[in-house]
Amino acid sequence: METYDAVKTVLAVREFQSITLPEESVQRIVESARLTGSSMNAQPWHFIVVQRKDLLKKLGDLVSSGPYIADAAMAVIVATEKTSVYGVSDASRAIQSMILTAWSEGIGSNWAGWVGMEDVGTLLDIPPAFEVVAVIPFGFPKDERIGFRKRRKPIEDVIHSEKFGDPLITGL
Ligand SMILES: Cc1cc2nc3c(=O)[nH]c(=O)nc-3n(C[C@H](O)[C@H](O)[C@H](O)COP(=O)(O)O)c2cc1C
């Protein structure tokens with residue numbers, strides 16, 4: 001899948017088929033995180049790959065904004081150094097790399113987080129020097145969502161040409 005097509009079609013997937021992911025896809029997804037550029041190339045992150053069903057279920061219980069993690073084939077937990085000023089920005093970029101890499105292979109995912117992150121850290125023995133930024137569940141989507149229309153603000157509301165308020169004319 002071309003990069004632009006992946007960006008154009010990717011959607012948050014919250015329902016997964018109970019199918020194991022191909023090992024090569026798992027490796028490409030996490031490699032895409034590791035290979036992502038970070039501020040000053042500091043790479044202040046860790047990625048914990050969870051595929052054990054019992055742990056996925058516990059993660060679904062802990063993250064109240066993402067109970068569907070329990071049904072995912074895999075979750076990647078992203079943790080950053082607490083001392084890193086750019087940790088969240090760096091982690092967000094790595095997360096997008098994973099989401100797009102997965103999507104280009106037909107694998108859905110979503111960002112779940114902000115609630116229960118400390119408990120996630122405890123569950124997975126993440127040292128206190130790191131904070132959990134997000135839990136990203138992955139799996140083959142239950143329904144075929146590629147091609148669904150995105151609900152986004154119209155181009156004229158958010159994209160400007162040269163100066164704020166002047167519209168950019170596009171043929172897309
Ligand atoms: C920083 C961030 C945090 C998010 N947290 C959650 C979350 O906790 N639970 C959840 O189900 N979705 C979460 N999402 C997914 C958003 O709800 C989703 O990206 C948005 O609704 C657009 O969905 P769509 O791409 O399918 O249109 C989060 C997304 C981002 C970027």
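Is Met-40 buried or exposed? With a relative accessible area of 72%, Met-40 is exposed; here buried means under 20% relative accessible area, exposed over 50% and partly exposed in between, with a 1.4 Å probe and protein chains only. Before going on, note that this is a predicted model, in which local features need pLDDT of at least 70 and side-chain atom pairs count only at pLDDT 80 or more, while totals for chains, interfaces and linings use all residues. Residues are numbered from 1 along each chain as its sequence is written, and side-chain values use heavy atoms, with hydrogens and water left out.

**Two loop residues with positive phi**

Met-40 sits in the loop between helix H2 (23–34) and strand E1 (45–50). Helices (H or I, at least four residues) and strands (E, at least two) are DSSP runs, numbered from the N terminus. Although Met-40 is not a glycine, its phi is positive, at about 55 degrees. Asp-125 has a positive phi as well, near 60 degrees, and is likewise a residue other than glycine. Look for Asp-125 in the loop between helix H5 (117–123) and strand E4 (130–139). Asp-125 is exposed, with a relative accessible area of 66%.

**Around the ligand**

Now for the ligand. The residues around it are Leu-11, Ala-12, Arg-14, Ser-65, Tyr-68, Asn-110, Trp-111, Ala-112, Gly-113, Trp-114 and Arg-152, where being near means that one of a residue's heavy atoms lies within 4 Å. By type, this shell divides into 6 nonpolar, 3 polar and 2 charged residues.

Which polar atoms come up to the ligand? The side chain of Ser-65 has an N or O atom 2.8 Å from a ligand oxygen. A polar backbone atom of Gly-113 is 3.1 Å from an oxygen atom of the ligand, and a backbone N or O atom of Trp-111 lies 3.2 Å from a ligand nitrogen. A polar contact here is a pair of N or O atoms within 3.5 Å. On its own the ligand has 640 Å² of accessible area, and the protein covers 62% of that; such areas come from the Shrake-Rupley method with a 1.4 Å probe.

**Salt bridges**

Side chains of opposite charge can pair when their charged atoms come close. Searching the whole structure gives 5 salt bridges, each being a side-chain nitrogen of Lys or Arg within 4 Å of a carboxyl oxygen of Asp or Glu. Among them are these:

| Pair | N to O distance |
|---|---|
| Arg-28 and Glu-24 | 3.7 Å |
| Glu-105 and Arg-28 | 2.5 Å |
| Asp-61 and Lys-57 | 3.3 Å |

Glu-24, Arg-28 and Glu-105 are linked in a network. Within helix H2, Arg-28 and Glu-24 are 4 residues apart, so about one helical turn separates them. Glu-24 counts as exposed at 53% relative accessibility, whereas Arg-28 is partly exposed at 39%. What does the bridge from Glu-105 to Arg-28 tie together? Glu-105 lies in the loop between helix H4 (87–103) and strand E3 (108–109) and Arg-28 in helix H2, so the pair ties together parts that are 77 residues apart in sequence. Glu-105 is partly exposed, with a relative accessible area of 24%.

Asp-61 and Lys-57 are in helix H3 (residues 53–62), again 4 residues apart and therefore separated by about one helical turn. Asp-61 is exposed at 54% relative accessible area, while Lys-57 is partly exposed at 48%.

The C-alpha atoms of Met-1 and Glu-105 are separated by 7.9 Å, with the two residues 104 apart along the chain. Met-1 belongs to the segment before helix H1 (3–9) and is exposed, at 51% relative accessible area.

**A nonpolar surface patch**

Leu-168 comes in the segment after strand E6 (163–167) and counts as partly exposed, at 39% relative accessibility.

Methods:
Polar contact = N/O pair within 3.5 Å; in protein donor to acceptor, adjacent residues only side chain to side chain. Nonpolar A, V, L, I, M, F, W, Y, C, P; charged D, E, K, R; others polar.
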